Amino acid sequence: MNDFLLEMKYSIVSLLKAPIFFLSIVITLGLTFGALITAFALNHLIFVEPLVYNDHERLVVANQVRVKNKAEKGEGFQSYPALIKWFNNNEVFSEQALIQINPTQLTGIQSQPKVNVSFVTPDYFSIANAPMLQGRAFNQNEGLNNQKPVAVITKKLWLEYFNQADNILGQTISVEDVNYTVIGVLSDKFIQPQVFMWKQESDIFLPWDFNFDSPFIRKNWDSFMPYNLFIGKLKPDISQQRAQLQLTNLIQNDFTEQIQGTDYWAGVSLQARLTSFEHTIIGDSHTTSALFFAGVLALMLIAFSNAINLFLSRTAQKQRKMAIQVALGAKKAHIFREILAESTCLVIAATVLSIFVSLAGITLLQTYASDLLPRLEELRFNFTTLLFVIIISIIFALTFALVAANSINYHRLNTVLQTSGKGAGLQISSRTRMILIASQVTLTIVLLTVNFSLLFEAMATINQPSGINTDDTHYLTLSTGKNKLSSDELQLHARGIKKTLEKQPDIASVAIVSSNPLSPRMSRSVFLPGAPKNHIRTNVLIVDNDYLPLMEHKVLKGRNFSHSQVKDKADVAIISKALADALYPDNSALNKYLLYFDKQLKIIAIIENIYNPSKWISKKMIFLPSYTSQLNFIVKRQPNIELSKSTLAKAIGQFDHNVRIFSYNTMTEILENKLARDIAIAAITVVLSILTLFLAAVGLYGVLSYGIKMRQYELGVRMAIGANPIHIVTQVLSDNAKAIGFGLMLSIIAILFVTTGSFHLGSKPLQLGILPTLIAILITVTLSLLVSLLALNGVANKAPVNSLRLTDS
Amino acid sequence: MNKSKITIKNISKIFISDEMETHALRDINLTIDHGDYLSISGPSGCGKSTLLSLLGLLDQPTSGQYFIENKDVSQLTLSQAAEIRSKKIGFVFQQFNLIDEISVFDNIALPLKYNPQVFTKTEVKARVMNCLKKVGLDHRTYHKPNQLSGGQQQRVAIARALVADPAILLVDEPTGNLDSKNGDIVMELLEQLNRAGTTICMVTHDPRYAAMAHRQINLLDGEIIETQIIKEEI
Ligand SMILES: Nc1ncnc2c1ncn2[C@@H]1O[C@H](COP(=O)(O)OP(=O)(O)O)[C@@H](O)[C@H]1O
Ligand SMILES: [Mg+2]
C-alpha cells in the first residue's frame with residue numbers, strides 16, 4: 001500500500017509535467033461525470049426514493065371531472081360547493097384538507113410585497129408532515145367555518161420580512177388588509193406537496209375560511225376553479241376505487257340538480273377522480289428524467305472514451321521507459337501498478353471536480369428546471385449519490401488501467417529498445433480506433449440533433465412576434481384594499497383613475513381591460529346563431545375603445561369600438577382571426593352574428609391573433625366593449641420615458657388614497673416571463689451543444705492524432721517515396737471517412753429510432769426536425785474533417801524527416 | 001560524359017532542440033556523377049543519415065546549396081520537394097519500410113501513384129514487373145510483405161525505389177536488419193544495379209560493404225575527413 005502511495009506521488013509529479021493531457025482528461029471527465037451525478041441523484045429521487053409524506057401510498061388528490069357521453073370534458077378545475085360537500089360528508093378519509101393557492105400582498109408592510117398564500121384546513125399540516133420551527137400548526141378549532149384569523153408562516157417569510165424576530169409568535173400579519181395572528185413558523189425542511197397543475201411555494205398559510213373566492217363562487221356549482229383542491233389520506237381499509245365511488249356519489253346528484261336547464265351543461269355529469277400523491281406530484285416526469293440521464297450518460301461516454309484514448313496514447317508514449325524498466329527486471333505487476341497509480345490520480349482529480357459540478361448542477365436544476373421536473377427541492381447530494389460516485393470512480397480508474405495495461409504487449413516491450421520507430425509494442429488496433437471514431441460521431445450527431453431540435457423550437461417561440469405592442473406598454477392592476485366597492489362603484493373608479501392617469505405627462509394613453517391580453521383569465525363558450533349545440537370555447541377580454549389603438553393590435557377587417565358602444569355595452573364584438581375562422585370558415589364573419597350567453601352580438605371587426613408563448617392559451621379570443629368593474633389597466637408611456645411605479649402610485653393616491661398598486665409590469669416583462677421556459681431551453685441547449693462539440697473535438701482529436709502518431713512513420717515513408725502533403729491529407733481523410741461515414745449511418749438509425757418511438761420531454765413529445773438533423777450532421781462531419789487535418793499537423797506540413805526520425809521518447 | 005548529377009556546396013545542418021544546438025553536418029561539399037556508386041561511412045551519430053536525408057530532400061539544410069542536374073533545390077516547398085523525390089530519388093531504408101496492409105505489387109507501384117506523371121494500368125504493371133524481375137522476386141508479386149523474409153523484403157524495397165526510374169538511389173544501412181547471407185545478396189543486387197547504370201549513394205558502417213562502392217566517404221562529427229577512390233569509373 002505504501003508502495004502504491006509512493007507510486008501515486010510519482011504519478012502526480014509526472015502528470016503535472018503534462019498539464020494539457022492532465023487537464024483534458026480532468027475537465028472533460030469531470031464536467032460530464034458531474035452532470036451524470038446530478039442526473040443520477042435526480043433519477044434516484046424520482047424512481048426510487050419514496051415521497052417524504054407519512055403513509056404516502058394512502059395519500060390522494062381528489063379531482064372533479066366533467067363527463068359528457070362518457071367523454072371527459074375537463075379536469076383540474078373544482079367546483080367550490082362540491083369540495084365542501086366532500087369535506088363534510090365523506091367517510092373514506094382519516095385525514096383530509098382543502099387547499100386554495102393564490103398570490104397576494106402583505107399589506108401591513110411598507111413595501112407591500114407580493115407573496116404566495118395557501119388557504120388550508122388543519123389536516124393539511126399533518127398530511128404534509130409539516131415540521132414546525134416555532135409555535136404550532138392549525139388545530140381543529142381553526143378549521144372550516146371557525147373564522148379564526150391565525151397564520152402559519154414559512155421560515156423564508158420570517159427571515160425576509162420579520163428579520164427573524166424572536167417574538168414573532170403572537171404578532172399580527174396583514175394580508176390584503178385582513179389581520180392574522182402568527183401562531184407558527186414552519187421549518188425550512190418542509191417540503192410543500194406540489195399537487196396543483198402548476199407549482200407554487202407558499203409563504204404563508206391561512207385558514208380556509210378566509211380564501212379569496214367570492215360568495216358567488218362559493219355557492220355556485222358550475223364555477224370551476226383551478227386553484228382549489230381537495231387532498232386526503234385514505235382510511236387503511238378503504239381502496240382508492242371505493243373512495244372514488246363515494247366521492248362521486250356525494251356530488252353527482254347535487255350537480256345535476258343545480259345546473260338543470262342550462263344548455264351548456266346539458267348531459268354533463270360531475271365525477272370524482274382520485275390520483276395518488278405519487279402520480280400527481282411526479283406525473284409524466286419519469287421519461288424526462290430518464291432521458292436526461294441517457295443524454296448525460298451519452299455525453300459522459302464520449303468523454304470517457306476520449307479519456308481512455310488519451311490515456312492510451314500516453315501509455316504508448318511511455319513504452320520506451322517501460323521497456324527500460326522491464327529490461328531492468330520490472331514485472332508485469334509493477335508496470336500495472338504504475339499505470340493504476342496514474343489512472344487513480346487522474347480519476348480522483350476528475351471526481352473532485354465532478355462533485356463540484358454536480359452540486360452546481362443540482363442548484364441549476366432547482367433554479368431553472370422546476371417547471372419541467374418534480375421534487376427538485378428534495379434534490380441533494382446524499383449518501384446514495386456518494387456511493388454512486390465512489391463506485392463509478394473505481395470503475396473508471398480500473399478501466400483506464402486495465403485497458404492501458406492490456407494494450408501493452410509485455411513480451412514485446414524489450415523489442416522496443418532494439419528497433420527504432422516503427423511498429424513495436426503498443427498499438428490500438430485500427431478496428432478499435434474505427435469504433436471509437438464512429439461512436440463519437442454517432443453520439444455527437446444524435447446529441448446535437450436533439451439539442452438543435454429543442455433549440456429551434458424554442459427560438460421559433462421566442463422570435464414569434466406577439467402581434468401586440470409590448471414595448472412601451474405596462475399592465476397595471478390595482479386593489480381597493482379593505483374598502484370593498486360595489487361593481488358600479490368600481491366601474492366609476494376605473495374611469496376616474498383612467499382620466500387621472502391620462503393627465504400624467506409621462507403617460508400617452510390608458511385602456512381599461514378585464515385582464516392582460518397575454519393571460520386572458522376568462523373563457524366562455526360562444527356559438528353560431530342557430531347552432532346552439534356547437535360550442536366554441538374562447539377567451540374573453542372586456543376592453544374599452546382605447547385598447548386596440550394602444551396595443552397596436554392589427555385590425556384585419558372592420559373597425560374599433562366607438563366610445564358610445566363601450567359606454568352602452570353595445571351588442572357588438574371584435575374577434576380574433578382564429579375565432580372568426582372557427583365560426584365562419586368561409587371568411588365571412590364580418591358583420592355577421594355570434595351567440596354569447598343569450599345575446600346576439602354583431603361582429604364589427606376581425607383582428608390578428610395574439611401569438612402567446614403559452615401554447616395552451618387558445619388563440620380564439622373575443623373582445624367585448626365595456627368599462628369593466630375590475631381595476632386593471634394597460635398603460636402606454638410616452639416614447640423614451642421610464643414610467644416608474646411611484647409616479648403611478650402618486651397619481652392614483654391623489655385620486656383615492658385607499659387604492660394601491662397590486663401589480664405593475666411592462667408587457668415585455670410579462671411576455672418574457674411566459675418565454676422563460678423557452679429562453680432557458682435555448683440557453684441550456686446552446687451550452688450543451690457547445691459542450692458536446694468540445695467533447696467531440698477533444699475526443700476525435702485524441703483518436704485521430706493517436707492514429708496518425710501510430711502511422712506517422714508509415715506516412716513518412718510514403719513521403720520519402722514521393723507523396724506530397726496533399727497525398728498524405730487525402731490518404732488520411734479517406735481512411736477516416738470510412739469511420740465517419742459509419743458513425744453517420746448509425747446516427748441516422750438512432751435518430752429514426754427516436755423519431756418513431758414516442759419519447760417525451762416534460763409533457764411535450766420529443767420531435768427531431770430534418771433541418772436540425774442536417775445541421776448536426778454537417779457540423780459533426782465538418783468538425784471531424786477539421787480535426788483530422790489538425791491531427792495531421794506536424795506530419796503533412798513538416799519535412800518528412802521528422803516523421804522518419806520518430807523515436808518514442 | 002561525366003555529367004555532374006548531384007552537387008552540394010558548403011552544406012551545413014544544425015539541429016536546435018531544448019536550447020541545444022547540434023551541428024550534424026558542417027560545410028559538406030560533394031559531387032555525385034551519373035553512374036557513380038558512393039558509400040558513406042563513419043561512427044554512429046556522425047551525420048550519415050542526416051546527409052542522406054538532405055540528399056533525398058527529406059529535410060532542408062541550414063545553409064549551403066544543393067543542385068540536382070544543375071537545378072537549385074536548396075529551398076523548395078514541401079510539395080516541390082515531394083515532386084522531385086517522386087521523379088528523381090529512390091529510397092531504401094534499413095527497416096525496409098514496406099506497408100504491411102498492401103501487396104508486394106502495390107507497394108512497388110506506390111511511388112507511381114505519387115508521381116505527377118499519370119501512368120496507365122499497363123504501364124504500371126510493366127514497370128512493377130520489370131523491377132521485380134531485376135530483384136529476382138517476380139514469383140512473390142501478390143504476397144503481403146510480412147509473408148517474406150527480411151532479405152526478400154529489402155529486395156522489394158529496392159524494387160520500389162527503382163520503379164519511377166530515379167536519377168539516384170539513396171540507401172541507408174540496407175543490411176542493418178539482415179543476417180550476413182541475406183546482406184550479401186542485397187549488396188550483390190546493388191552492385192548489379194550499379195553496373196546496369198543506376199547511381200547509388202549508400203550509408204553503411206560495414207567496411208566490407210563500403211569497399212564495394214567506387215568511392216568511399218568517411219564522416220566524423222559532421223565533417224568529411226577522407227574520400228577514398230576505390231575504383232575508377234569505367
Ligand atoms: N531531429 C534531430 N534533432 C536533434 N538532433 C538530431 C536530429 N537528427 C539528428 N540529430 C543529431 O545529429 C547527429 C547526426 O545524426 P545522424 O545523422 O542520425 O547520425 P548517424 O546516422 O551517422 O548515426 C546526431 O548527434 C544526432 O543526435
Ligand atoms: Mg543513421
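Trainee: In which strand of chain B does Asp27(B) lie?

Mentor: The model is predicted: local features need pLDDT of at least 70, side-chain atom pairs count only at pLDDT 80 or more, and totals for chains, interfaces and linings use all residues; side-chain values use heavy atoms, leaving out hydrogens and water. Residues are numbered from 1 along each chain as its sequence is written, while chains are lettered from A and ligands numbered from 1 in the order in which they are written. Strands (E, at least two residues) and helices (H or I, at least four) are DSSP runs numbered from the N terminus. The strand holding Asp27(B) covers residues 20–33 of chain B, and its label is β2.

Trainee: Is Asp27(B) buried or exposed?

Mentor: Asp27(B) is not a glycine, yet has a positive phi of about 45°. Buried means under 20% relative accessible area, exposed over 50%, and partly exposed in between, with a 1.4 Å probe and protein chains only. The relative accessibility of Asp27(B) is 54%, so Asp27(B) counts as exposed.

Trainee: What is the phi of Gln164(A)?

Mentor: Gln164(A) sits in the loop between α5 (155–162) and β8 (172–175) of chain A. At 41% relative accessibility, this residue counts as partly exposed. Gln164(A) is not a glycine, but its phi is positive, at about 60°.

Trainee: How does α9(A) run relative to α11(A)?

Mentor: α9 (residues 285–317) and α11 (residues 332–368) of chain A have axes 13 Å apart and pack at an angle of about 155°. Axes are lines fitted to C-alpha atoms, for helices over the stretch in contact, and angles run from 0 to 180 degrees between N-to-C directions. Under 35 degrees counts as roughly parallel, over 145 as roughly antiparallel, 65 to 115 as roughly perpendicular and the rest as oblique. The angle therefore makes α9(A) and α11(A) roughly antiparallel.

Trainee: How many residues in the contact of α9(A) with α11(A) are nonpolar?

Mentor: Contact means heavy atoms within 4.5 Å. From α9(A), Phe292(A), Phe311(A), Arg314(A) and Thr315(A) meet Ile339(A), Glu342(A), Ser343(A), Leu346(A) and Leu365(A) of α11(A). Ala, Val, Leu, Ile, Met, Phe, Trp, Tyr, Cys and Pro count as nonpolar, Asp, Glu, Lys and Arg as charged, and the others, Gly among them, as polar. Two residues of this contact are polar, two are charged and the nonpolar ones number five.

Trainee: How does α21(A) lie relative to α22(A)?

Mentor: Leu715(A), Arg718(A) and Met719(A) in α21(A) meet Ile728(A), Gln731(A) and Val732(A) in α22(A). Helices α21 (residues 712–720) and α22 (residues 725–756) of chain A pack at an angle of about 140°, their axes 10 Å apart. That angle makes α21(A), relative to α22(A), oblique.

Trainee: How far is the C-alpha atom of Phe456(A) from that of Asn409(A)?

Mentor: Phe456(A) belongs to helix α14 (residues 430–463) of chain A. At 30% relative accessibility, Phe456(A) counts as partly exposed. Beyond its neighbours within four places in sequence, Phe456(A) is in contact with Leu771(A), Pro772(A) and Ile775(A). Phe456(A) and Asn409(A) are 47 residues apart along the chain, and their C-alpha atoms are separated by 50 Å.
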